[in-house]
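Dear colleague,

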Amino acid sequence: MRVDVDGVELEVAPGASVLEAVERAGGRLPTLCFDDRLEPFGACRTCLVAVEGAPAPVPACTTRCREGMRIDTRDETATRVVTTVVELVLSELDRPPAPDTELARVVASLGVAAGRFTGATHEVDVDERHPYLAFRHELCISCGRCVRACDEVQGAFALTVTGRGFHSNVTAGLDSGFLDSSCVSCGACADTCPTGAIIERRLLTLERERDDDTD
Amino acid sequence: MSSNLVELIRRHHGPVARTALQVLKEAVEDHGEVTDEDRLRAAEVSGLPEASVHGVSTFYDDLLQPRGRRHLRVCTGTACFAADGDLHVEELADGLGVGLGERSADGSVSLAETVCLGFCHSSPALRDGDRVDAGAGAVERALRGNTSEAPEPGWRSTLAEPVLTEPGRWLGLARALAEMTPAQLLDEVLAADVRGRGGAAFPAGEKWRFACSAAGEQKFVVANGDEGDPGSYIDKYLMERNPQLVLEGMALAGYAVGADHGFVLTRSEYPRSKPALERAVESARREGHLGDDISGSGFSFDVTVLEGAGSYVVGEETALLACLEGLRGTVSARPPFPAERGLYGAPTVVNNIETLANVPFIALRGADAYREISPGASTGSKLVCFNERFAAPGVYEVRFGETLRELCEVLAGGIRGGIKAVQIGGPLGGILPSWKLDTRFDFDALAAEGCMVGHGSIVGFDERTDMRALTRHLLRFGAHESCGKCFPCRIGLRRAHEMFESDAPVDRDHLEAVLEALEVASLCAHGGGMPAPIRSLLEHFPEELGLG
């Protein structure tokens, strides 16, 4: 089917998402909960675009293309709202994102500085019981990518989202750490994490050394 | 929700087996809290992975608040707030010497927060074990240890021929089975233009049509009895006082879409709903209204009743299905819509309790008779309910198109000292100041004022009400009940609540940015709708909100 992205017409496969269409047209949208190895989730709401005929911007990842759909990735409302959402994410973390994380790239792409919002952040809780994987719960933004990677890619079902609302977080097994869960140490969770909340301990050591150097 | 998890459960047991959530609920009932042993047992019974069970056990209010030998729950709904500004919460916590969500060191008593008990006609309300006490003196009685059963609200229809307040007699189903094909029944419901009574106002017939055309041998009907709107006790009335009508509506939906099984999800905050519906199912089976080959028609239909565990967002249809499956009650992006892929992956019609209760009248009397009920307004009739501030609170069946003044001041007798404002249709509904009471009670007229019919609750606030405290009350509820899935709602409602939590002036630009993100970007109507009452308050009572 044919769609139009920012004035450029292109052909997409039936059932394609708006996000796929935008990327096919050479565009790039900010995303935090999206990983092309996983089913679209629609949680972070940072891939909003305007679609002709829709009353408000829609998330590109969970919206399917329709024949003749006109997609505008530069819509002012969408950009303004996405910026607010990313600022809200920054406000829940006790420190700015590490430079090599996906979150840092999204923040940079939107030109968001520190963000306007202040308030409660997530409590520092570092779990280093596993020999290869560390979990810094305070950096979790509940995008669910690790949980879905463990479910959809690995089939290990070792992870779950816990809590509710602002207190949502992720944990392994019965909150017993990776080792005492059905974790197979595949690292898919660390690989997909956009904030470094779940991180290979090797990389965590490097990050700490780098932080020590800058101090 | 994860289709893999759903598949794991489906393979492990049929749709009517005990879910992980039910096992965890039983554990709390039995020994006051969920232990790891309980989680492991729930995993074994349900087929869910241990981690997923852990996730479930940390989502629902009922599983999180530890219980002492005596467990008290205090209602923090909007009607109770309107009654005394939450003074009853303080008095109860102080008197018991136990904070909200805490259990005393000796395990003798515990206090939990609950929203809402549906005794809004008699606030403030509290629950002592399974007994609900409400109204003047309830807190004192609770502190003395001698609570008494609160009287249920009265009800009355203003229609000569009620649609919703006459006992269900299964005549609509009898007529449909004898005289109509499923397609004819669907056409009749489409022609009646029944809009959903649970808040979204989506045409019920359209949902049915989608489910009809969805591929699948097995289809389900789900009655959404998760009436979480603080201030509303309409579905409670229907489930507990007129359950036959609800079951008949479900059976009709099943006949129209080709489903042979229905589920009702009731709220744990309404301890009387599930037993009432289960008794009704039993008697309907005995009398041949439910079961196999009903009246020799070849149509079979049965109903299972399940109870939730304390979560407002579970009233959203995808979260409701997750709760029925025993999973975390979080919202899923649509598509797929439940009509295409719903309960256990099967095409599912999800309708609100009151919506379904409209269908027997349509099946028996026809769409034309239904459309004539409210001339020049939305079709059919509506149940409304009023809070304790009004002189004559209760459940009323009314026509659409009456002014709110007629409803509030004539039908419900007004509020002593005058009405300052009313919130209509639940926590996501706008708030009308007294000078707007000539607005008509109708889907379109209310929408034009930033309000909605919603569930049909009308919560009146008297002149003493502190509108900044009301804003804080609403945002606290919104943040507490966010399922946590989408970012704008998960963080935005928390930030909005924080802005009003202290007495510091609120930065209007920051508030506007958060409200816009909630409205535009939220995944479901919870985040999307919470700004509506806040915008009303900003518009009508700006000087009271303490803006910077």
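**Domains and how they meet**

The C-alpha centres of domain 1 of chain A and domain 2 of chain A lie 24 Å apart, where the domain bounds, here and below, come from an automatic or database domain assignment. Please bear in mind that this is a predicted model, in which local features need pLDDT of at least 70 and side-chain atom pairs count only at pLDDT 80 or more, while totals for chains, interfaces and linings use all residues. Residues are numbered from 1 along each chain as its sequence is written, and chains are lettered from A and ligands numbered from 1 in the order in which they are written.

In chain A, domain 1 covers residues 1-121 and domain 2 covers 126-214. Between them, 18 residues of domain 1 of chain A are in contact with 15 residues of domain 2 of chain A, contact meaning that the C-beta atoms of two residues, placed from the backbone, lie within 7 Å. The domain 1 side of that contact has eleven nonpolar, one polar and six charged residues; in this scheme Ala, Val, Leu, Ile, Met, Phe, Trp, Tyr, Cys and Pro count as nonpolar, Asp, Glu, Lys and Arg as charged, and the others, Gly among them, as polar.

Chain B is divided into domain 1 (3-58), domain 2 (70-144), domain 3 (155-371), domain 4 (381-462) and domain 5 (467-544), and the C-alpha centres of its domain 1 and domain 4 lie 41 Å apart.

**Between the chains**

Across the two chains, 38 residues of chain B are in contact with 43 residues of chain A. The elements of chain B that give two or more residues to its side are α3 (36-46), α4 (50-57), α20 (467-481), α21 (487-501) and α22 (508-521), with helices (H or I, at least four residues) and strands (E, at least two) taken as DSSP runs numbered from the N terminus. Of these, α21(B) gives the most, with eight residues, and the chain B side as a whole divides into 17 nonpolar, eleven polar and ten charged residues.

**A sheet and a helix**

Five strands of chain A form an open sheet of mixed pairing in the order β2-β1-β5-β3-β4, two strands being paired if DSSP finds at least two bridges between them. Within chain A, β3 (48-51) and β5 (70-72) pair in the antiparallel sense over two bridges, and A:A50 stands opposite A:D72 in β5(A).

In helix α18 (404-411) of chain B, the buried residues are B:L404, B:L407, B:C408 and B:L411, where a residue is buried if 20 or more other C-beta atoms lie within 10 Å of its own, exposed if 12 or fewer, and partly exposed in between, with C-beta atoms placed from the backbone. They cover an arc of only 120° around the axis, which puts them on the same side of α18(B), the arc being that of the directions from the helix axis to the C-beta atoms.

**Backbone points to check**

Most residues other than glycine have a negative phi, and most peptide bonds are trans. The peptide bonds from B:R334 to B:P335 and from B:P335 to B:P336 are each cis, with omega near 0°. B:A201, though not a glycine, has a positive phi of about 60°, and B:A201 counts as partly exposed because it has 19 C-beta neighbours inside 10 Å.

With best wishes
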